[in-house]
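Hi everyone, thanks for coming.

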Amino acid sequence: MGVMQEKTKHEKNIGRLLILASRLHRARIGEKLQTLSLFPGQEQALELLAAEGAMPMGELAARLSVKAPTISKTIARLSAQGLIARTADGGDGRLLRVALTQEGHARAAALVSLVEEVERDMLAAFDAKDKRRLRKLLRRSVKALGGDEKRAGKPGAPEPGPGQA
């Protein structure tokens, strides 16, 4: 099979195209996050805390589909930047509750325009009907693979690895 035939075969594979689109999207987001002094993965924690308020670190880890060491590192880095406050949760001093600081809320608000800019770039060649159809088809794909289509594309929805959390 020639190189051209092999390339065409790969271009027809929807899974490969989804992976490529996802990687390119994450790379673009990563570039933009640098302007906010954030690493890929950290924005997910900020977005979720901005949307839903303070929560125990364990719940944050579960909602982001990451392990405890990953969320601990993420929270430590965000806390060092003054974006997250950690407090003891209830009567058990071992459990930590995390919340956005005032600066954390400001950074989370800045994320909104950053994400919208990347989405505009990604979908520039699509009309409104194409965008609705793509969203519908991707939600169906998420559901078919065992995900929760109601959470697809929302803060806290599982994503492929948090990068440098």
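Predicted model: local features only at pLDDT ≥ 70, side-chain atom pairs only at ≥ 80, totals over all residues.

Residues are numbered from 1 along each chain as its sequence is written, and side-chain values use heavy atoms, with hydrogens and water left out.

Helices and strands here are DSSP runs, numbered from the N terminus (helices H or I, at least four residues; strands E, at least two). Two packed helices are described by the angle between their axes and the distance between the axes. The axes are lines fitted to C-alpha atoms, for helices over the stretch in contact, and angles run from 0 to 180 degrees between N-to-C directions.

So, how do α2 and α6 cross? The axes of α2 (residues 14-34) and α6 (residues 102-122) come within 10 Å, at a crossing angle of roughly 140°. That makes α2 oblique to α6; for the cut-offs, under 35 degrees is roughly parallel, over 145 roughly antiparallel, 65 to 115 roughly perpendicular, and the rest oblique. On the α2 side, H25, R28, I29, K32 and L33 meet L111, L114, V115, E117, V118, D121 and M122 of α6, contact meaning heavy atoms within 4.5 Å.

Now the other pair. Helix α3 (residues 42-52) and helix α5 (residues 68-80) have axes that come within 10 Å and cross at roughly 80°. That makes α3 roughly perpendicular to α5. Here Q42, A45 and L46 from α3 meet T74, R77 and L78 from α5.

L46 takes us to the core. The largest nonpolar core has 25 residues, and L38, L46, L60, I71 and I84 touch the most other members. Elements that each supply at least two of its residues include α2, α3, β3 (92-100) and α6. By a nonpolar core I mean buried Ala, Val, Leu, Ile, Met, Phe, Trp, Tyr and Cys residues joined through side-chain atoms within 4.5 Å. Beyond four places in sequence, L46 touches residues including L38, L78, I84 and L111.

K32 and E117 are 85 residues apart along the chain, with 9.4 Å between their C-alpha atoms. Among the residues K32 touches beyond four places in sequence are L114 and E117.

Note on methods. Buried < 20%, exposed > 50% of the residue type's maximum accessible area, 1.4 Å probe, protein only.
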